[in-house]
Amino acid sequence: MFSDLILRNSKRSRKENGLFFSSLVISIIAFYIILSLSHQDVMIFLAKMESDAVSRLLLMIPVFYVVTLAILFFLIYFACKYQLERRRKEFGVYLMMGMRRGKLFAMLLAEDLLESGLALVIGLPVAVLISELISLITAKLVGMGIIGHQFSLSISAIIFTIVGFLVIKFAAFLILSSKISRQEIGILLKPSVENEKKAAPAVVYGISAAAGIGMLAATYSMAISGISWSKNAMMFLTLVFGFVGTILLFYGMRALIALLIKKGNINRKLHVFTFRQIQENVIHQSTSMAISSLLILAALCCFGAGIGIAGVKSQAENHVLDYTFRDYSTESPEEVLPHLEKTLLGNGLIQDFSQIWEMRIGHVYETATDTETAAEDDTVISFDSVIDEVRKLPQSEARDLVMNELEAQDMSQDVYLICLSDYNKLLAAAGKPTLTLAENEAAVYQDRNWTNDAENQLFHSVLSEKPEIILNQNPVKLTGEVQTVNLVTDRSITLSFALILPDDQFLQYTNGDYTVYVNAILNRENGKSASLMSVISDMNERLDNSDLSEADITYESYLQNMGRQLFYMVAASYITIYLGIIFLVVANTIIGVQFLMNQQKTGRRYQTLVRLGATYQDLCVSARKQINWFVGLPVFVAAVSSLFGVRSLFTGMLSSVGGENQGQMIAIAAAMIVLLCVVECVYMAVIRRSSDRYLLTLMQPQREE
């Protein structure tokens with residue numbers, strides 16, 4: 001009998017408050033995924049490439065875990081309080097019928113354990129499934145393939161998920177149930193009533209709304225312009241302005257709603273009642289609505305920025321080179337490639353590479369040997385004419401960046417030179433058309449990490465006029481498009497600016513003194529059935545076991561570049577998406593439960609409407625309009641703010657090199673924000689269903705003793 005009562009009550013609670021139960025399941029899923037991060041394929045792979053960075057990232061996981069536990073504790077406390085308050089009369093009836101307080105406490109504890117156990121039973125398998133799905137997708141992105149994926153089940157993540165969830169659930173239950181079980185029967189049977197709050201004059205709300213909008217505008221301006229990211233004090237000031245501005249905006253929304261009441265069609269059924277309810281909810285709960293809006297804003301920004309950055313990062317640049325070698329055993333540039341080929345041949349590795357070629361890079365060799373007697377105008381390089389051409393262009397950020405780069409090269413007098421034939425081999429390997437340069441012509445090279453599309457287009461318009469520079473007292477014309485294909489595999493050398501010269505002139509200007517990097521591409525025929533990552537990993541092991549190090553030869557592989565890019569993607573997406581889920585769950589649960597609590601406190605008003613002839617459909621329509629406003633206002637404010645918030649995150653998180661992809665990132669972020677707004681509509685539908693069920697219980701008139 002007692003167990004049947006527990007089962008019925010637990011089932012009824014889940015049915016009547018499915019929003020809260022769903023939030024618990026989602027929280028469990030998020031817990032497991034973030035705690036099992038170290039067991040996922042992507043992290044196991046990254047641990048080999050970026051061990052220090054991965055270790056620092058994993059050290060942050062316990063911090064996120066503890067902070068999330070604290071946030072979810074208040075969520076569970078708040079939601080459980082609503083559930084218990086809603087059943088006050090039921091508990092009073094149990095006590096009147098002779099149930100001991102200890103047994104009432106045991107019943108509530110059993111119901112809570114049953115609900116928690118069911119949430120864990122549903123959430124953990126789903127979490128494991130989603131975690132494996134993430135690993136499979138990541139394995140595909142990094143080139144591991146499904147064959148390279150291994151199923152992983154993190155026992156420690158399961159244990160910490162269960163323990164953490166049960167601890168905060170039990171702590172919230174003890175605090176709330178102890179309060180309920182100590183209350184007198186008369187207090188439990190007495191219906192709860194809404195708290196009356198005195199309204200301020202309309203002008204106060206108007207001033208508050210105007211001040212809130214002004215502070216938010218200042219916040220957006222500071223964040224997007226980068227002022228917020230310049231100093232910690234400015235970031236703190238921005239956050240304060242945003243927080244206070246949002247609260248003031250919601251506090252002042254009463255003026256807007258009052259205006260809508262006056263302008264609305266008062267002949268519609270329950271029109272005035274509906275908007276009076278909305279008006280009171282905004283007045284009484286403006287702070288909680290503002291906090292919910294800020295949490296939704298944080299979720300939208302985390303999702304938008306995280307997925308925007310990850311989406312662009314995952315679109316890896318065209319993969320061309322597999323390896324770059326450096327030979328430190330000889331000072332003669334001509335001996336580097338033969339010595340490397342001989343060493344690879346001796347270790348039985350030469351046949352594993354389809355292409356091996358030099359990438360020769362040097363500096364301009366000064367012809368003047370006596371600098372004291374050289375004329376003052378005998379400069380190594382002069383970009384004066386090019387700078388003049390750039391200066392004529394319309395004012396823009398790209399123009400300033402290009403001009404600054406040229407002026408820096410002009411002042412340094414130490415420009416890099418690249419051999420044309422070597423670079424053409426790189427272009428051919430990348431599947432791009434090769435360059436053709438006549439004598440005394442040069443092409444401009446800029447690493448893609450130091451430029452963006454806007455700068456390249458502007459520079460290309462200047463190069464189309466074939467401006468002339470002075471190189472070691474000789475005129476050289478710049479022509480063609482700006483070249484950006486990476487010269488080496490990873491980080492051996494990164495050039496912000498260089499000139500590509502024909503071979504003869506390269507040797508002439510460098511005077512035969514240059515550095516040789518040897519690029520190599522693996523023979524794909526040897527590893528047709530294996531993934532790229534597996535092939536390069538196997539080759540790394542073979543190179544490490546060879547005598548390359550004894551021959552004073554080092555190498556970089558594409559895996560290092562891939563690992564670094566993938567780490568950025570994981571750091572930007574996993575953590576931000578996790579935080580986004582938590583913020584979204586907390587915000588929507590708070591705002592949903594808050595509305596249902598307000599609706600219960602004003603239940604007598606609905607009963608009065610029923611006595612006056614209002615139908616169930618009329619009440620539902622009125623309640624749904626209230627939900628649309630009560631939930632829609634925070635979501636709308638958060639959605640508008642998120643457009644500025646995501647843009648400001650890109651300003652602070654991305655370097656200038658990421659500017660070329662910023663438009664694409666914003667597009668992905670905007671799509672994600674729209675998707676989350678659809679999720680918000682689903683939350684609103686769940687709240688409407690709970691509201692409809694509650695209103696159905698009020699349709700039968702009740703005696704008032």
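How many aromatic pairs does the structure hold? The predicted model, in which residues are numbered from 1 along each chain as its sequence is written, holds 17 such pairs (rings of Phe, Tyr and Trp, the last by its six-membered ring, with centres within 6.5 Å; planes under 30 degrees apart are stacked, over 60 edge-to-face, the rest tilted). Local features need pLDDT of at least 70 and side-chain atom pairs pLDDT 80 or more, whereas totals for chains, interfaces and linings use all residues; side-chain values use heavy atoms, without hydrogens and water.

Tyr323 and Phe325 are stacked, because their ring centres lie 6.0 Å apart with the planes at 20 degrees. The rings of Phe325 and Phe353 have centres 6.1 Å apart and planes at 80 degrees, so this pair is edge-to-face. The latter pair links distant parts of the chain, with Phe325 in strand β1 (residues 323-327) and Phe353 in strand β2 (residues 353-363), 28 residues apart (strands are DSSP runs of E of at least two residues, helices runs of H or I of at least four, numbered from the N terminus). Tyr323, Phe325, Phe353 and Tyr555 form one aromatic cluster. Relative accessibility is 0% for Tyr323, 1% for Phe325 and 7% for Phe353, so Tyr323 counts as buried, as do Phe325 and Phe353 (under 20% relative accessible area with a 1.4 Å probe, protein chains only; exposed is over 50%, partly exposed in between).
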